[in-house]
Amino acid sequence: MERRAKKSVAAVVKSVKAAESGAGALLSILHAITAEFGYIPGDAIPEIAGALNLSQAEVYGAITFYRDFRITPPARHSIRLCQAESCLAMGAVELIDLLKTRLGIGPGEKTPDNAFSLDTVYCFGNCASSPSVMIDGRLYGRISAERLKKILDAIKD
Ligand code: FES
(Lines give C-alpha, C1' and ligand atoms only; values in the text may rest on other atoms or scores of the structure.)
Protein backbone atom coordinates (compact mmCIF):
# COMPACT_ATOMS: atom_id res chain seq x y z
CA MET A 1 0.00 0.00 0.00
CA GLU A 2 1.38 3.36 -0.99
CA ARG A 3 1.77 5.89 1.81
CA ARG A 4 0.52 9.38 1.16
CA ALA A 5 2.90 12.30 1.59
CA LYS A 6 2.61 14.05 4.91
CA LYS A 7 1.13 17.51 5.05
CA SER A 8 3.34 20.27 6.38
CA VAL A 9 2.77 21.49 9.93
CA ALA A 10 1.59 24.80 8.49
CA ALA A 11 -0.98 23.05 6.30
CA VAL A 12 -2.35 21.07 9.25
CA VAL A 13 -2.58 24.20 11.40
CA LYS A 14 -4.28 26.11 8.60
CA SER A 15 -6.87 23.42 7.89
CA VAL A 16 -7.89 23.02 11.55
CA LYS A 17 -7.90 26.77 12.18
CA ALA A 18 -10.24 27.24 9.22
CA ALA A 19 -12.78 24.97 10.90
CA GLU A 20 -12.32 26.00 14.53
CA SER A 21 -11.40 28.98 16.59
CA GLY A 22 -10.92 29.75 20.25
CA ALA A 23 -9.52 27.49 22.96
CA GLY A 24 -10.76 24.29 21.30
CA ALA A 25 -8.65 24.95 18.23
CA LEU A 26 -5.42 24.32 20.14
CA LEU A 27 -6.34 20.77 21.11
CA SER A 28 -7.77 20.08 17.66
CA ILE A 29 -4.54 21.25 16.06
CA LEU A 30 -2.44 19.15 18.43
CA HIS A 31 -4.56 16.08 17.63
CA ALA A 32 -4.35 16.76 13.89
CA ILE A 33 -0.56 17.16 13.97
CA THR A 34 -0.23 13.99 16.06
CA ALA A 35 -2.40 12.13 13.55
CA GLU A 36 -0.20 13.38 10.71
CA PHE A 37 3.28 12.94 12.22
CA GLY A 38 2.83 10.67 15.24
CA TYR A 39 4.13 13.44 17.52
CA ILE A 40 4.39 17.23 17.76
CA PRO A 41 7.61 18.28 16.00
CA GLY A 42 9.51 21.11 17.68
CA ASP A 43 8.99 23.49 14.78
CA ALA A 44 5.23 23.11 15.17
CA ILE A 45 5.20 24.95 18.50
CA PRO A 46 6.02 28.44 17.14
CA GLU A 47 3.77 27.77 14.14
CA ILE A 48 0.80 26.93 16.36
CA ALA A 49 1.53 29.76 18.79
CA GLY A 50 1.62 32.26 15.92
CA ALA A 51 -1.57 30.95 14.35
CA LEU A 52 -3.55 31.10 17.61
CA ASN A 53 -1.92 34.21 19.08
CA LEU A 54 -0.63 32.22 22.06
CA SER A 55 2.81 32.13 23.65
CA GLN A 56 5.03 29.15 22.84
CA ALA A 57 4.97 28.36 26.58
CA GLU A 58 1.18 28.04 26.47
CA VAL A 59 1.38 25.62 23.54
CA TYR A 60 4.17 23.63 25.18
CA GLY A 61 2.19 23.55 28.42
CA ALA A 62 -0.81 22.01 26.66
CA ILE A 63 1.39 19.42 24.93
CA THR A 64 3.02 18.31 28.15
CA PHE A 65 -0.21 18.40 30.19
CA TYR A 66 -1.99 15.79 28.10
CA ARG A 67 -0.61 12.28 28.03
CA ASP A 68 -1.65 11.65 24.44
CA PHE A 69 0.74 14.26 23.04
CA ARG A 70 4.46 13.77 22.70
CA ILE A 71 7.31 15.92 21.42
CA THR A 72 9.54 13.06 20.30
CA PRO A 73 8.86 10.53 17.55
CA PRO A 74 7.01 7.46 18.80
CA ALA A 75 8.61 4.02 18.94
CA ARG A 76 7.81 1.73 16.04
CA HIS A 77 5.71 -0.46 18.35
CA SER A 78 3.64 0.74 21.27
CA ILE A 79 2.82 -1.48 24.24
CA ARG A 80 0.32 -0.15 26.77
CA LEU A 81 -0.41 -2.39 29.74
CA CYS A 82 -3.34 -1.82 32.06
CA GLN A 83 -2.34 -1.47 35.70
CA ALA A 84 -5.77 -0.77 37.17
CA GLU A 85 -7.45 -2.87 39.84
CA SER A 86 -9.08 -5.62 37.82
CA CYS A 87 -6.03 -6.23 35.65
CA LEU A 88 -3.72 -6.18 38.66
CA ALA A 89 -5.90 -8.79 40.35
CA MET A 90 -5.73 -10.97 37.23
CA GLY A 91 -1.97 -10.99 36.67
CA ALA A 92 -0.84 -7.64 35.29
CA VAL A 93 2.09 -7.55 37.73
CA GLU A 94 3.56 -10.66 36.12
CA LEU A 95 3.06 -9.09 32.69
CA ILE A 96 4.79 -5.82 33.54
CA ASP A 97 7.70 -7.79 35.01
CA LEU A 98 7.90 -9.84 31.82
CA LEU A 99 7.89 -6.72 29.65
CA LYS A 100 10.52 -4.97 31.78
CA THR A 101 12.81 -8.00 31.57
CA ARG A 102 12.25 -8.67 27.90
CA LEU A 103 12.51 -5.08 26.70
CA GLY A 104 14.96 -3.80 29.30
CA ILE A 105 12.84 -0.71 29.91
CA GLY A 106 10.23 0.47 32.36
CA PRO A 107 6.94 2.28 31.89
CA GLY A 108 7.30 5.62 30.14
CA GLU A 109 10.47 4.51 28.32
CA LYS A 110 11.48 3.43 24.82
CA THR A 111 14.06 0.84 23.86
CA PRO A 112 17.34 2.40 22.65
CA ASP A 113 16.66 1.25 19.06
CA ASN A 114 13.25 2.96 19.20
CA ALA A 115 11.55 -0.37 18.45
CA PHE A 116 9.25 -0.46 21.50
CA SER A 117 7.68 1.92 23.97
CA LEU A 118 6.12 0.72 27.20
CA ASP A 119 3.41 2.62 29.01
CA THR A 120 0.94 1.86 31.73
CA VAL A 121 -2.73 2.71 31.42
CA TYR A 122 -5.40 2.85 34.10
CA CYS A 123 -8.27 0.91 32.52
CA PHE A 124 -9.16 0.34 28.90
CA GLY A 125 -12.76 -0.36 29.85
CA ASN A 126 -12.04 -4.02 29.13
CA CYS A 127 -12.10 -5.18 32.76
CA ALA A 128 -14.29 -8.23 32.08
CA SER A 129 -11.40 -9.60 30.02
CA SER A 130 -8.58 -8.70 32.39
CA PRO A 131 -5.68 -8.50 32.19
CA SER A 132 -5.58 -6.25 29.13
CA VAL A 133 -2.79 -4.94 26.97
CA MET A 134 -2.85 -2.79 23.85
CA ILE A 135 -0.12 -3.39 21.28
CA ASP A 136 0.10 -1.09 18.28
CA GLY A 137 -3.46 0.02 18.86
CA ARG A 138 -4.94 -3.48 19.11
CA LEU A 139 -6.51 -4.42 22.43
CA TYR A 140 -5.89 -7.92 23.79
CA GLY A 141 -7.87 -9.29 26.73
CA ARG A 142 -7.30 -12.26 29.03
CA ILE A 143 -3.64 -11.98 28.13
CA SER A 144 -1.29 -14.51 29.69
CA ALA A 145 2.48 -14.29 29.87
CA GLU A 146 2.77 -17.06 27.27
CA ARG A 147 0.37 -15.32 24.90
CA LEU A 148 2.14 -12.00 25.36
CA LYS A 149 5.48 -13.63 24.53
CA LYS A 150 3.99 -15.12 21.33
CA ILE A 151 2.57 -11.75 20.27
CA LEU A 152 5.93 -10.06 20.86
CA ASP A 153 7.75 -12.86 18.99
CA ALA A 154 5.46 -12.30 15.98
CA ILE A 155 6.29 -8.61 15.72
CA LYS A 156 8.69 -8.09 12.86
CA ASP A 157 11.26 -5.32 12.49
S1 FES B 1 -8.86 -2.61 34.94
FE2 FES B 1 -7.73 -3.18 33.17
S3 FES B 1 -9.14 -2.88 31.55
FE4 FES B 1 -10.20 -2.16 33.30
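This report describes the fold of a predicted model, from its overall layout to single residues in its loops.

## Overall layout

The protein has 157 residues, of which 23% are buried. Its C-alpha trace spans about 50 × 35 × 25 Å along the principal axes. Seven helices and five strands are present, and from the N terminus the elements run α-α-α-α-β-α-α-β-β-β-β-α.

The domain assignment gives domain 1 as residues 9-65 and domain 2 as residues 77-154. The centres of domain 1 and domain 2, taken over C-alpha atoms, are 30 Å apart. Among contacts in the protein with a separation of 6 or more, 57% are between residues 24 or more positions apart.

## The sheet

The five strands form an open sheet with mixed pairing, in the order β2-β3-β1-β4-β5. Strands β2 and β5 (138-140) are at the edges and have a single partner strand each, so one side of each has no neighbour in the sheet.

Strand β1 (residues 77-82) pairs with β3 (residues 116-121) in the parallel sense, over six bridges. Within the sheet, Arg-80 stands opposite Asp-119 in β3. Strand β1 also pairs with β4 (residues 133-135), here in the antiparallel sense and over three bridges. Leu-81 is opposite Val-133 in β4.

Strand β2 (residues 109-110) pairs with β3 in the antiparallel sense over two bridges, and Lys-110 stands opposite Ser-117 in β3. These two strands, β2 and β3, form a hairpin with five residues between them. In the turn, Asn-114 has a positive phi of about 65 degrees.

## Helix α6

Helix α6 (residues 92-103) lies across β1, β3 and β4 and runs at about 150 degrees to β1. The 12 residues of α6 reach 16 Å from the first C-alpha to the last, close to the 16 Å expected at 1.5 Å a residue.

Which residues of α6 are buried? They are Ala-92, Leu-95, Ile-96 and Leu-99. Seen down the axis of α6, the buried residues fall within an arc of 95 degrees, so they line one face of the helix. The cover over these buried residues includes β1, α5 (85-89), β3, β4 and α7 (145-154). On the other side of α6, Asp-97 and Thr-101 are exposed. Just after the helix, Gly-104 takes a positive phi of about 75 degrees.

## Backbone exceptions in the loops

Most residues other than glycine have a negative phi, and most peptide bonds are trans. Against that background, several loop residues deserve a look.

The peptide bond joining Ser-130 and Pro-131 is cis, with omega about -5 degrees. Pro-131 is in the loop between β3 and β4. Cys-123 is also found in the loop between β3 and β4, and has a positive phi of about 90 degrees although it is not a glycine. Cys-123 is partly exposed, as 14 other C-beta atoms lie within 10 Å.

Asn-53 is found in the loop between α3 (44-52) and α4 (56-65). Its phi is near 60 degrees, a positive value in a residue other than glycine. Is Asn-53 buried or exposed? Asn-53 is exposed, because 7 other C-beta atoms lie within 10 Å, and a residue counts as exposed at 12 or fewer.

Notes. Residues numbered from 1 in each chain as written. Predicted model: local features only at pLDDT ≥ 70, side-chain atom pairs only at ≥ 80, totals over all residues. Domains from an automatic or database assignment. Pairing = 2+ DSSP bridges. Helix = DSSP H or I, 4+ residues; strand = E, 2+ residues; numbered from the N terminus. Contact = placed C-beta atoms within 7 Å. Axes fitted to C-alpha atoms, helices over the stretch in contact; angles between N-to-C directions. Expected span 1.5 Å × (residues − 1). Buried ≥ 20, exposed ≤ 12 C-beta atoms within 10 Å, placed from the backbone. Arc of directions from axis to C-beta.
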